[in-house]
Protein chains: 2
Amino acid sequence: MKSKTILLNSRPHGAPSKDNFKITETEVPALQPGEVLLKALYISVDPYMRGRMSDARSYAAPYEVGKPFMGGVVAEVVESRNGQLQKGAVVVGSLPWQQYTVHTGKGLHAVDPEVAPLSYHLGILGMPGQTAYFGLLYIGQPKEGETIVVSGAAGAVGTVVGQIAKLKGCRVVGIAGSDEKIDYLKNKLHFDEAINYKTTGDINRAVAQACPDGVDVYFDNVGGAISDAVLLSLNKFARIAVCGQIAFYNNTTPPTGLRVEPILLRNSALMKGFIVNDYASDFGTAARELASWLKEGKLQYQETIKEGFEHIPEAFLGLFTGENTGKLLVKVAEREA
Amino acid sequence: MKSKTILLNSRPHGAPSKDNFKITETEVPALQPGEVLLKALYISVDPYMRGRMSDARSYAAPYEVGKPFMGGVVAEVVESRNGQLQKGAVVVGSLPWQQYTVHTGKGLHAVDPEVAPLSYHLGILGMPGQTAYFGLLYIGQPKEGETIVVSGAAGAVGTVVGQIAKLKGCRVVGIAGSDEKIDYLKNKLHFDEAINYKTTGDINRAVAQACPDGVDVYFDNVGGAISDAVLLSLNKFARIAVCGQIAFYNNTTPPTGLRVEPILLRNSALMKGFIVNDYASDFGTAARELASWLKEGKLQYQETIKEGFEHIPEAFLGLFTGENTGKLLVKVAEREA
């Protein structure tokens with residue numbers, strides 16, 4: 001049996017392009033004792049992967065040129081010589097971007113297909129949902145009545161941040177880049193305010209107007225001028241969770257801009273960077289609480305699902321042009337069992 | 001009886017100068033019941049006062065043009081119609097820069113002249129010492145074996161930061177601006193390394209070399225290029241206490257420079273601004289622990305004491321040219337009792 005794989009063909013200099021990806025096809029080896037054959041069902045594409053395409057020091061190891069991309073994948077066990085993982089089981093884990101993968105099973109988590117659609121384990125119940133959970137609750141520590149601003153608000157993380165903040169009784173202001181997203185945030189997710197940074201004339205003034213009592217918590221998915229605008233409205237003792245800096249992922253030199261230290265000093269404010277793995281010991285707690293909010297209808301969730309293994313590169317590239325609302329992923333096969 | 005006062009004559013635009021100060025002389029009013037007459041003995045000059053000379057929003061209320069400067073003062077009660085404060089008592093508090101002040105006693109703290117020289121209550125036992133204590137221990141949370149970098153290392157705060165970090169078993173690297181200060185830090189205060197940022201060619205490389213295991217805690221008194229160099233050597237989960245940004249106090253526009261958010265994100269690092277008053281509820285604890293370290297000879301302390309009320313403005317201006325080592329203050333009178 002043959003399987004397609006997507007490799008890093010070359011490292012991008014600046015914005016990534018299709019040339020950085022290469023699709024190959026190889027024969028799938030026979031299973032050894034203890035191994036399983038995984039068939040990829042859903043593959044997640046995420047902004048942080050841009051960092052791994054470079055060889056600069058970052059929080060995640062770089063991809064190697066000529067080797068497969070890796071990331072969150074939901075897969076089905078279609079053959080098993082492993083007593084722990086039966087044929088028909090569905091798992092989630094960090095796996096290569098390929099159709100069929102031979103695996104020992106280590107580091108994979110079994111998924112209960114009854115809890116939620118399988119794709120949700122790459123989104124609200126998986127890395128993006130947990131990222132929102134830890135950044136907002138552990139760093140932001142929102143209190144009832146406080147004002148929370150989230151940038152990248154219509155994305156996989158931002159939509160969960162805003163909804164959890166609403167559950168906690170906060171005023172929630174989202175920043176996103178299209179009228180469609182603004183409409184979604186205000187009318188579907190019940191954000192108190194949402195700002196289209198592309199069409200608002202003066203982003204500093206827009207943030208100040210949307211936050212008449214100032215900003216107590218800022219969940220930063222983007223960095224750059226949007227963040228600067230929020231920092232100018234900070235309240236004393238504000239908390240800033242730095243989750244993403246998509247504004248700079250394609251930079252080739254260290255970015256410069258507004259100095260934040262004087263602002264943090266003036267407001268006795270806290271800023272903390274994080275990745276979801278920092279809180280690995282609490283993954284179980286977060287997953288249970290997110291699943292229960294979802295079940296009770298307290299969290300809305302939206303996905304954009306592209307179809308077809310060959311379309312993974314273009315789906316990934318779409319992340320940087322702001323096309324998608326909610327979690328973006330690619331469905332590559334139907335479940336067999 | 002007449003008393004001299006130093007007023008804010010005009011707000012500085014950029015670096016402050018002598019023109020911004022004015023000395024006047026007025027008659028001291030008679031005491032009303034409940035009041036005391038205070039004679040200033042020592043007056044503290046501190047970098048943060050530059051911020052109060054501007055009318056921009058900051059953490060401390062601006063001084064008003066035509067009104068006295070205020071700050072830390074050790075004073076003697078030379079007349080009393082207040083049952084709580086006897087003649088001869090020594091107090092410390094936030095007081096105007098004047099020779100004699102009529103006061104209700106509210107907000108003043110009595111000082112035990114036996115514990116330490118009176119001037120120490122403006123330094124190691126007062127605001128600068130407590131600033132070092134809270135910033136290092138509450139934000140920095142240094143652990144044995146970690147590397148701590150402090151900028152403005154030879155100043156009133158920096159010298160205490162480095163010494164407490166040594167007490168906690170850390171490797172301590174100081175950054176300061178003269179060979180005399182470097183000598184003092186290494187040979188008197190036993191810092192592991194000290195960098196003269198004015199003569200080291202490449203500050204980024206100098207910090208990297210002085211911190212072969214990276215930087216776990218950075219106590220930032222200065223901001224700017226010195227801080228950027230430290231940020232480039234941060235370790236995962238590093239903590240940065242932002243205490244001062246003297247590099248920017250004379251700026252007239254919001255400063256720009258290296259973006260810290262991507263660095264905090266890459267290292268899951270925490271950065272927090274603070275002022276000593278944020279920890280007011282723990283002042284007693286800090287004062288007791290600092291006094292006991294001092295008594296046991298575990299903390300060295302150095303002051304630069306200028307003499308004469310009229311010389312306060314020039315002493316203050318000297319803060320921005322890096323002349324002083326240790327705490328800078330002005331002795332304005334002898335104690336009577």
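This is a predicted model: local features need pLDDT of at least 70, side-chain atom pairs count only at pLDDT 80 or more; totals for chains, interfaces and linings use all residues.
Residues are numbered from 1 along each chain as its sequence is written, while chains are lettered from A and ligands numbered from 1 in the order in which they are written.

**Where the chains meet**

The contact takes 30 residues from chain A and 30 residues from chain B. Two residues are in contact if their C-beta atoms, placed from the backbone, lie within 7 Å. On chain A, strand S13 (256–258), helix H7 (261–267) and strand S14 (270–273) each supply at least two residues to the side that touches chain B. H7(A) gives the most, with 6 residues. Helices (H or I, at least four residues) and strands (E, at least two) are DSSP runs, numbered from the N terminus.

By class, this side of chain A has 15 nonpolar, 9 polar and 6 charged residues. Here Ala, Val, Leu, Ile, Met, Phe, Trp, Tyr, Cys and Pro count as nonpolar, Asp, Glu, Lys and Arg as charged, and the others, Gly among them, as polar.

How are the copies related? Chain A can be laid on chain B with an RMSD of 0.0 Å by a turn of 180 degrees and a shift of 0.0 Å along the axis. That is the relation of a two-fold axis. The superposition is by least squares on the C-alpha atoms of residues with pLDDT of at least 70 in both copies.

**One sheet across both chains**

S14(A) and S14(B) pair in the antiparallel sense over 3 bridges. Two strands pair if DSSP finds at least two bridges between them. A:Lys272 stands opposite B:Leu270 in S14(B).

This pair belongs to an open sheet of 12 strands, in the order S10(A)-S9(A)-S8(A)-S11(A)-S12(A)-S14(A)-S14(B)-S12(B)-S11(B)-S8(B)-S9(B)-S10(B), with mixed pairing. The edge strands are S10 (193–196) of chain A and S10 (193–196) of chain B, and each pairs on one side only. Neighbouring strands are turned by 15 degrees against each other on average, direction ignored.

Within chain B, 5 bridges join S11 (residues 215–220) to S12 (residues 234–242), and the two run parallel. B:Phe219 has B:Ala241 in S12(B) as its bridge partner.

Two helices of chain B lie against the sheet. Axes are lines fitted to C-alpha atoms, for helices over the stretch in contact, and angles run from 0 to 180 degrees between N-to-C directions.

| Helix | Strands touched or crossed in chain B | Angle |
|---|---|---|
| H2(B) (residues 127–140) | S8 (147–151), S11, S12, S14 | about 145 degrees with S12(B) |

**Two domains in chain A**

Chain A is divided into domain 1 (2–123 + 302–331) and domain 2 (127–278). The bounds come from an automatic or database domain assignment. Their centres, taken over C-alpha atoms, are separated by 28 Å. Between them, 14 residues of domain 1 are in contact with 17 residues of domain 2. The domain 1 side divides into 3 nonpolar, 9 polar and 2 charged residues.

Most residues other than glycine have a negative phi. In S12(A), A:Phe237 has a positive phi, near 65 degrees. B:Phe237, in S12(B), also has a positive phi near 65 degrees.
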